[in-house]
Amino acid sequence: MPRIYVLRWGHRPKRDKRLTTHAALTARALGASGFILADIKDPKIEQTIKKVVQQWGGSFHFQMGIPWKTVVKEWKAKNGIVVHLTAYGENIQTSNVLQRIKTTGKNVLVIIGSKKVPREFFSPKISDFNVAIGNQPHSECSSLAVFLDRYFEGKELTKKFENAKIRIIPQKHGKKTTKS
Ligand SMILES: C[S@@+](CC[C@H](N)C(=O)[O-])C[C@H]1O[C@@H](n2cnc3c(N)ncnc32)[C@H](O)[C@@H]1O
């Protein structure tokens, strides 16, 4: 199964801490293998994500401070494809874009933005696919969640996270966990 990494572009430490953290948690919980906070370092976010991985298990890579162009260049050099999530792209529901992505059989770097992204993100030099989760503007977190869920066809929601110190035992009512 190809692996998915998420590249978060345009993080603004003063206002995006919570949203970028949520995007990384979404990536981890919904089956991505790693998250790259491009261009900038935000140690608080790294700390939060590492703590979650320690407690809740699985292997999830977090990197930060690498220029986005370097990430894309190295990803393509390793034969991966780039998917840019944007409201302006091919609609995931009305086009066959997801099928075309999957048919490549290649690892996927998913780019999510924050403020208005550089124009070059839309070009085939950077993005092999521009994918819209509907053609209305919403959020990097919601678009990432829907993309991952469609890509993994819901199977990511049953994934067992290895070496977890804490696990949730699903309940109709109330909260139950096991700790190890
Ligand atoms: C709040 S939006 C930024 C929109 C920005 N004002 C612009 O014009 O590009 C932040 C990010 O959410 C993602 N996003 C928002 N709506 C989306 C949609 N309908 N489909 C796919 N991605 C979307 C994109 O990755 C976008 O860069």
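This report covers the sheet, the helices packed on it, the ligand shell and one loop glycine in a predicted model.

## The sheet

Six strands form an open sheet. Their order is β3-β2-β1-β5-β4-β6, and the pairing is parallel. β3 (61-66) and β6 stand at the edges. Each has a single partner strand, so one side of each lacks a neighbour in the sheet. Neighbouring strands are turned against each other by 30 degrees on average, direction ignored.

## Strand β1 and its partners

β1 pairs on one hand with β2 (residues 34-38), in the parallel sense and over four bridges. Tyr5 has Gly34 of β2 as its bridge partner. Val6 stands opposite Phe35, also a residue of β2. β1 also runs parallel to β5, and five bridges join these two strands. Here Leu7 stands opposite Ile111 of β5.

β1 is mostly covered, with five of its five residues buried.

## Helix α5

α5 spans residues 140-151, which makes 12 residues. From first C-alpha to last, α5 reaches 16 Å. That is close to the 16 Å expected at 1.5 Å a residue.

Which residues of α5 are buried? They are Glu140, Ser143, Leu144, Phe147, Leu148 and Tyr151. Seen down the helix axis, these buried residues fall within an arc of 125 degrees, so they line one face of α5. The buried residues pack against strands β1 (4-8), β4 (81-91), β5 (108-112) and β6 (129-132). They also pack against two helices, α1 (13-29) and α4 (97-104). Just after α5, Glu153 takes a positive phi of about 55 degrees.

## The ligand shell

How many residues surround the ligand? The number is 17. The closest are Leu85, Ala87, Gly113, Glu140 and Ser143. Glu140 and Ser143 are also among the buried residues of α5.

β4 and α5 each supply at least two residues of the shell. β4 gives the most, with three residues.

## Gly58

Gly58 sits in the loop between α2 (43-56) and β3. Is Gly58 buried or partly exposed? Gly58 is partly exposed, because 16 other C-beta atoms lie within 10 Å, and a buried residue would need 20 or more.

Gly58 touches Arg28, Val53, Phe161 and Glu162, leaving out residues up to four places away in sequence. The C-alpha atoms of Gly58 and Ala29 are separated by 9.6 Å. Along the chain, these two residues are 29 residues apart.

Methods: Residues numbered from 1 in each chain as written. Predicted model: local features only at pLDDT ≥ 70, side-chain atom pairs only at ≥ 80, totals over all residues. Expected span 1.5 Å × (residues − 1). Buried ≥ 20, exposed ≤ 12 C-beta atoms within 10 Å, placed from the backbone. Arc of directions from axis to C-beta. Contact = placed C-beta atoms within 7 Å. Pairing = 2+ DSSP bridges. Axes fitted to C-alpha atoms, helices over the stretch in contact; angles between N-to-C directions. Near = placed C-beta within 6 Å.
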